Amino acid sequence: MTNRSQLKLFAVLAAAVAAASLAGCKSTNAVPHVSMGATKIVVMNYTSSSFGTFPATATGNVAPTTYDTSSALASPYGVSFDSSGNIWVGNCGGANVLEFAGGATGTTGPITTITSTAFTCPSDVYVSSSGTIYVSDYNKEAIDVFSAGTSGSATPTTQIIGGSTGLLGPEGVTVDSSGNIWVVNYAGNTLEKFSAGANGNATPAVVITGLASPAGVNLDSHGNVWVANAAGNDLLEFSGTSTSGASPLRTITSTAISGPTEVAVDAVGNIYDGGNALDEINVFASSAGSSATPMRTISGSSTNIDDTWGFAIR
């Protein structure tokens with residue numbers, strides 16, 4: 001098993017080197033702006049086992065609107081909103097998945113807890129519009145799928161696991177409009193797509209190699225696939241119809257991007273980046289490319305952002 005701490009250290013060191021390089025060659029430069037796109041950001045804090053929410057228009061050293069330090073949180077990684085605005089957490093240290101009310105704050109606990117013998121370190125969670133729950137497990141190297149309404153001790157309805165899957169330290173997981181499952185493998189340096197309904201020791205339909213400790217994956221409103229490429233210190237956009245070996249449509253670099261662990265794109269194309277190297281959230285314009293400058297950055301001690309491996313927008 002690849003050592004997660006070593007991989008994280010590599011990503012952070014690589015981030016520092018790349019940032020210094022970009023600083024010396026800075027040039028001028030996918031759901032009008034934030035008022036028509038995202039309205040809310042939730043950020044997971046791995047070290048402090050907490051999460052905070054911010055308006056999507058937030059910038060600078062601002063305090064979160066809500067901040068939850070529930071004792072149920074234990075080294076949380078990935079997060080997503082469901083269609084009702086509730087917050088779902090891949091709670092790695094607790095070996096479970098938690099659902100919080102959208103306005104949870106203080107020490108408010110989860111409204112749903114899913115435990116399973118399938119879990120060792122849930123690293124991300126995605127909830128479809130129909131309520132189906134998809135969970136990536138970093139240590140077990142599996143993707144677990146649970147039916148809507150699952151709670152308590154549960155067995156996944158399907159589980160993608162085994163040598164043919166190519167799963168190696170899976171971090172981010174998301175699902176496209178056709179039900180295909182997209183996964184990034186942090187330890188395997190790959191982006192994979194599994195066909196809808198994949199189960200067991202399934203072979204991925206698409207494998208894109210050559211990434212650098214990819215940690216987060218999301219889709220934009222056009223169906224394109226975005227990857228937070230942690231050790232590459234960049235954000236990659238791939239076509240949603242990519243085949244194995246495809247190259248990115250676009251690469252976003254910036255001195256502000258350092259060890260990115262998650263990426264999201266709102267409905268109007270604004271691009272959100274967050275990472276554990278700089279403990280900040282950056283927002284880039286839809287046209288961002290090489291050597292981009294963020295439109296806004298949430299950063300500073302008042303934000304309570306620390307060692308974030310996941311955030312989500314709504």
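Student: Which residues line the largest cavity?

Tutor: Keep in mind that this is a predicted model. The lining of the largest cavity consists of Ala 256, Ile 257, Ser 258, Pro 260, Asp 273, Gly 274, Gly 275, Leu 278, Glu 280 and Asn 282.

Student: Which elements give two or more residues to that lining?

Tutor: Those are β22 (271-275) and β23. The most comes from β22, which gives 3 residues.

Student: How many of the lining residues are nonpolar, polar or charged?

Tutor: The lining has 4 nonpolar, 4 polar and 2 charged residues.

Student: And how much space lies in there?

Tutor: The largest cavity holds about 40 Å³.

Student: Back to β22 and β23. How many bridges join them?

Tutor: There are 5, and the two strands run antiparallel.

Student: What is the strand order in their sheet?

Tutor: It is an open sheet of 4 strands, in the order β21-β22-β23-β24, with antiparallel pairing. β21 (260-265) and β24 (296-299) have a single partner strand each, so one side of each has no neighbour in the sheet. On average, neighbouring strands are turned by 15° against each other, direction ignored.

Student: New topic. Which residues have the most contacts inside the largest nonpolar core?

Tutor: That core has 14 residues, and those with the most contacts inside it are Ile 41, Val 43, Tyr 272, Ile 281, Ile 298, Phe 311 and Ile 313. At least two core residues come from each of β1 (40-45), β23 (280-284) and β25 (310-313).

Conventions. Residues are numbered from 1 along each chain as its sequence is written. This is a predicted model: local features need pLDDT of at least 70, side-chain atom pairs count only at pLDDT 80 or more; totals for chains, interfaces and linings use all residues. Side-chain values use heavy atoms; hydrogens and water are left out. A nonpolar core is a set of buried Ala, Val, Leu, Ile, Met, Phe, Trp, Tyr and Cys residues joined through side-chain atoms within 4.5 Å. Buried means under 20% relative accessible area, exposed over 50%, partly exposed in between (1.4 Å probe, protein chains only). On a 1 Å grid over the protein atoms alone, a cavity is a set of points where a 1.4 Å probe fits but cannot get out, and a pocket is an open set with protein on both sides within 12 Å along at least five of seven lines; lining residues have an atom within 4 Å of a point. Grid points are joined across faces, edges and corners, and a volume is the space filled by probe spheres set on the points. Ala, Val, Leu, Ile, Met, Phe, Trp, Tyr, Cys and Pro count as nonpolar, Asp, Glu, Lys and Arg as charged, and the others, Gly among them, as polar. Two strands pair if DSSP finds at least two bridges between them. Axes are lines fitted to C-alpha atoms, for helices over the stretch in contact, and angles run from 0 to 180 degrees between N-to-C directions.
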